[in-house]
Amino acid sequence: MGSVVIDAVPEAIACHPARTAVVMIDMQRDFLEPGGFGETLGNDVSLLQAAVPACKALLALARASGMLVIHTREGHRPDLSDAPKAKIERGAPSMRIGDRGPMGRILVRGEPGHDIVPELYPAAGEVVIDKPGKGAFHATDLHSILINQFIDTLIVCGVTTEVCVHTSVREANDRGYRCIVPADCCASYFPEFHQVGLKMIAAQGGIFGWVSDMARIGAAFAAVPAVRAAA
Ligand code: C5J
């Protein structure tokens with residue numbers, strides 16, 4: 001299978017599907033559905049639904065073309081031993097991390113709210129990274145997994161654009177990965193932060209990475225015969 005050239009900002013980027021991973025950040029019920037962590041912070045969680053259809057299309061493309069798919073989940077051990085006090089105490093949420101809500105304990109591993117939304121549920125064998133922080137590399141084995149699979153390019157998407165997606169892109173960039181961020185596969189509780197977050201990634205010649213969208217990624221893969229045949 002040959003290279004795929006994806007139209008993006010600040011410029012087109014060529015990547016090889018065998019060395020490219022989709023990293024889907026925190027598409028969890030706790031962020032996307034009422035009664036979870038996002039809503040306890042006072043956010044309108046319905047805004048995040050905007051990213052679901054494009055994420056679904058990206059997952060289908062990745063699975064059909066054999067790209068490595070990685071899902072992340074933000075959350076903590078049931079005893080909260082990995083949750084910094086400063087994180088638990090932050091702000092004035094209606095419920096704190098570890099409190100019991102309608103989807104179980106807020107942001108705690110194994111609870112219904114911590115799980116990934118059904119539309120984007122991991123397929124058998126896909127990697128799921130449980131991360132205690134905002135960045136996907138902090139206190140996880142993500143870097144080892146990517147190195148062992150010879151991955152050099154990441155398509156990073158999910159929620160929220162300016163928090164966990166941005167932090168993960170910055171971490172990945174510093175570790176030498178080329179990051180492509182499809183704008184419509186990301187969402188934020190703050191549409192203006194979404195826009196500015198994307199601009200920050202592509203500014204200064206792509207200081208953190210490249211910004212594209214699902215239509216342009218789909219078109220790039222459709223132009224490669226071997227990928228088209230597998231789809
Ligand atoms: C937040 C995330 N926003 N996944 N987490 O706290 O972006």
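L32 sits in helix α1, which covers residues 29–32; helices here are DSSP runs of H or I with at least four residues, strands are E runs of at least two, and both are numbered from the N terminus. This is a predicted model, where local features need pLDDT of at least 70, side-chain atom pairs count only at pLDDT 80 or more, and totals for chains, interfaces and linings use all residues. Residues are numbered from 1 along each chain as its sequence is written, and side-chain values use heavy atoms, with hydrogens and water left out.

**The chain as a whole**

- The protein chain holds nine helices and eleven strands. Its radius of gyration is 17 Å, close to the 17 Å that the globule rule gives for 231 residues, so the chain is as compact as a globular protein of that length. For the record, that radius is taken over C-alpha atoms, and the rule is 2.2 Å times the number of residues to the power 0.38.
- Along the principal axes, the C-alpha atoms fill a box of roughly 50 × 35 × 30 Å.
- Of the 231 residues, 54% count as buried. Buried means under 20% relative accessible area, exposed means over 50%, and partly exposed is in between (1.4 Å probe, protein chains only).
- The accessible surface comes to about 9700 Å², and 56% of that belongs to carbon and sulfur atoms. These areas come from the Shrake-Rupley method with a 1.4 Å probe, and for residues only the protein chains shown count as cover.
- Take the contacts between residues at least 6 apart in sequence: 73% of them join residues at least 24 apart. A contact means heavy atoms within 4.5 Å.
- The mean positions of the 21 positive and 25 negative charges are 2 Å apart. Lys and Arg count as positive, Asp and Glu as negative, while His and the chain ends are not counted. Each charge is placed at NZ of Lys, CZ of Arg, CG of Asp or CD of Glu.

- L32 counts as buried at 2% relative accessibility. Not counting residues up to four places away in sequence, L32 touches D26, M27, V45, L48, Q49, V52, V117 and V159.
- L32 and A50 are 18 residues apart in sequence, and their C-alpha atoms are 10 Å apart.
- M24 belongs to strand β3 (residues 20–25), and at 2% relative accessibility M24 is buried too.
- Leaving out residues up to four places away in sequence, M24 touches C55, L59, I70, H71, T72, L120 and C157.
- P132 is 108 residues from M24 in sequence and 16 Å from it in space, C-alpha to C-alpha.

**Helix α3**

- Helix α3 runs over residues 52–65, and its 14 residues reach 20 Å from first C-alpha to last, close to the 20 Å expected at 1.5 Å a residue. The expected span is 1.5 Å times one less than the number of residues.
- The buried residues of α3 are V52, A54, C55, L58, L59, L61, A62 and S65.
- An α-helix has 3.6 residues a turn, so residues three or four places apart point the same way.
- G66 follows α3, with a positive phi near 80°.

**Helix α6 and its lead-in**

- V159 and T160 are joined by a cis peptide bond, with omega about -15°. T160 is in the loop between β8 (153–159) and α6.
- T161 lies in α6 (residues 161–174) and is buried, with a relative accessible area of 0%.
- Neighbours within four places in sequence aside, T161 is in contact with H166, C186, A187, S188, H194 and L198. T161 and A183 are 22 residues apart in sequence and 8.7 Å apart in space, C-alpha to C-alpha.
- The 14 residues of α6 reach 18 Å from first C-alpha to last, close to the 20 Å expected at 1.5 Å a residue.
- The buried residues of α6 are T161, C164, V165, H166, S168, V169, E171 and A172.
- After α6 comes G176, with a positive phi near 95°.

**Other backbone spots to check**

- The peptide bond from V9 to P10 is cis, with omega near 15°, and P10 is in the loop between β1 (4–6) and β2 (13–15).
- A139 is not a glycine, yet its phi is positive at about 60°. A139 lies in the loop between β7 (127–131) and α5 (142–148) and is exposed, with a relative accessible area of 56%.
- Q204, another residue other than glycine, has a positive phi near 55°. Q204 is in helix α7 (residues 191–206) and counts as exposed at 68% relative accessibility.
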